[in-house]
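Welcome, and please open the model in your viewer.

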Number of protein chains: 2
Amino acid sequence: MSNYCVGVDIGGTTVKCGLFTVKGELIDKWEVVTRKEDGGKNILPDVAEALKAKLSEHQVANDDVAGIGLGVPGPVEPDGYVSVCVNLGWKDIYPAKDMEALMDGITCKTGNDANVAALGEMWVGGGIGHNSIVAITLGTGVGGGIIVDGKIVAGAHGLGGEVGHMHVRDDEHEFCNCGGQGCVEQAASATGILREAKRNLAKTDEPSSMRDFGEELTCRDVCDCAKAGDKVALETLNTCVSYLAKGLALVTYVVDPEVFVIGGGVSKAGQFLIDLIAGYFAEYTPLAKKKPDIVLATLGNDAGIYGCARLVLD
Amino acid sequence: MSNYCVGVDIGGTTVKCGLFTVKGELIDKWEVVTRKEDGGKNILPDVAEALKAKLSEHQVANDDVAGIGLGVPGPVEPDGYVSVCVNLGWKDIYPAKDMEALMDGITCKTGNDANVAALGEMWVGGGIGHNSIVAITLGTGVGGGIIVDGKIVAGAHGLGGEVGHMHVRDDEHEFCNCGGQGCVEQAASATGILREAKRNLAKTDEPSSMRDFGEELTCRDVCDCAKAGDKVALETLNTCVSYLAKGLALVTYVVDPEVFVIGGGVSKAGQFLIDLIAGYFAEYTPLAKKKPDIVLATLGNDAGIYGCARLVLD
């Protein structure tokens, strides 16, 4: 029985790494710059070099490491194959196999970054104590990760948990990055909330403290103004959150999780946001006599490294 | 290693039973009348009595039976508890435990009927060869069953696979049985398709062969007229199928199955219906580079007994 595990969350700018006990205690974390040039061929060797130094520093022997989990910002096939990962420059690669070779045979596993973040929140974050959770990240986009009976639902074609692209809004005529219209992401991402606020400000003469920010207005300002009772900001947030809640209701009628864990930059609005979501969610789920909990994520940007580490413990 | 398994699909009128080999070959099937009076207390004893006679007739010893699977028309908690099953008169019951006692200790398991039907279609029906499928039953209502990695996704509160109650239609102002509005079931059940046809006939003077059926018009007639090129019938079916396909697209962005298996009375419209669904589905899933297959169910009303039997083989 090994005592340690390692999480490696590979992003387009930096690779976040963490050394954990198998109980989920973070021993050390560090970052490595993501060198994307030359098809990203240096990324894994760079990570391996830094990791070897860290294991040595903490006097952790290779055979005391249960495994290394790799989180990748893109689709991963069930056998660990990554056909393309635009953000890293990767093509046609089995990252776990390559990493195993670099790390003298330590077992490695690969997962999609949004899915492993959900696993992290289940392990020691907002979803602790549950084994069926849906984690939603409200950031620049809207990501999702679905865990059923403790396992990631990656999907047959890598689309499991793509809840950001569920269609929920018929009156949205702009196109989403996915090619669709009216996606959850267009309504409830930081970008989407800000756009909705600007639309609402443009169509009314109503005074609003959001106007004081001029062109510098951010999603965070919209949330702050809404909390302070600003009418236009509140209307904006209610619209956006109602579409998000509609999406969560749809998810409930598919996998019916024990809990929804809400993270990402927008979730910094805190319990105020959760209460808004829960209100609309209840309206959209008349069939659900017992409602799932809706809670805040607690691991922030570290959810990825926690989840990657947890990935190797099954 | 036992050679046989038994499926018991308990409906409000009859209990369908099947004796199978563990490879999925149906040896015999029979029915027992569902006696719902007295809180349904006779149902399981009646089933047990008939089953003992069948096992004896086929000279199958108890220890050669891997188990008995029970399908129940209502929510089943993860530990097999059924708090209420209106259609059977049951309250506060663990059907599998009671059945084990009646069958001298043969292992029993309980599942929701729509979910086990999906398992049956995966085992030897339309979803054979796959282990992640979503089965949709288009009947009086719209039922769903979700299988991920070979296991039923029953959900934390029994709502897994309730895809019939996903909201997909904003311009539906009638209420669904679930209390919601604009559910998949309202659009794409036999009842829903018929209602849509009547609405369309009422709002146009356009000639339509559907008018020849008068008050006797059925969903099957609507499908037949559409196949024959009737304009109003085609418009009706296109509307209904587009909402169904929207629902399937939403499901894809949650669990991303390998295949959708379409069954129930409406599916008798055959490949014509499947092609219509696939067309709209492609429109609603721009993110899915590889689309899941959409196929017809093949087990008909026997899907339940197959799935119940399969339930005990894990």
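Select A:Ile262: leaving aside residues up to four places away in sequence, A:Ile262 touches A:Ile136, A:Leu138, A:Leu248, A:Ser267, A:Leu273, A:Ile274, A:Ile277, A:Ile294, A:Val295, A:Leu296 and A:Ala297 (contact means heavy atoms within 4.5 Å). This is a predicted model, in which local features need pLDDT of at least 70 and side-chain atom pairs count only at pLDDT 80 or more, while totals for chains, interfaces and linings use all residues. Residues are numbered from 1 along each chain as its sequence is written, chains are lettered from A and ligands numbered from 1 in the order in which they are written, and side-chain values use heavy atoms, with hydrogens and water left out.

Buried means under 20% relative accessible area, exposed over 50%, and partly exposed in between (1.4 Å probe, protein chains only).

**Second stop: where the chains meet**

Show H8 (residues 231–255) in chain A and in chain B: the two axes come within 10 Å and cross at roughly 80°. H8(A) is therefore roughly perpendicular to H8(B) (65 to 115 degrees; under 35 is roughly parallel, over 145 roughly antiparallel, the rest oblique). Axes are lines fitted to C-alpha atoms, for helices over the stretch in contact, and angles run from 0 to 180 degrees between N-to-C directions. Helices (H or I, at least four residues) and strands (E, at least two) are DSSP runs, numbered from the N terminus.

Color the open sheet of 5 strands in the order E10-E9-E8-E11-E12 (chain B); its pairing is mixed. Strands pair if DSSP finds at least two bridges between them. The edge strands, each pairing on one side only, are E10 (151–152) and E12 (293–296) of chain B. Next, show helix H9 (residues 271–284) of chain B, which packs on the sheet and touches E8 (133–138), E11 (259–263) and E12 of chain B.

**Last stop: a lysine**

Finish at A:Lys198, in helix H6 (residues 190–202) of chain A. A:Lys198 counts as partly exposed because its relative accessibility is 39%.
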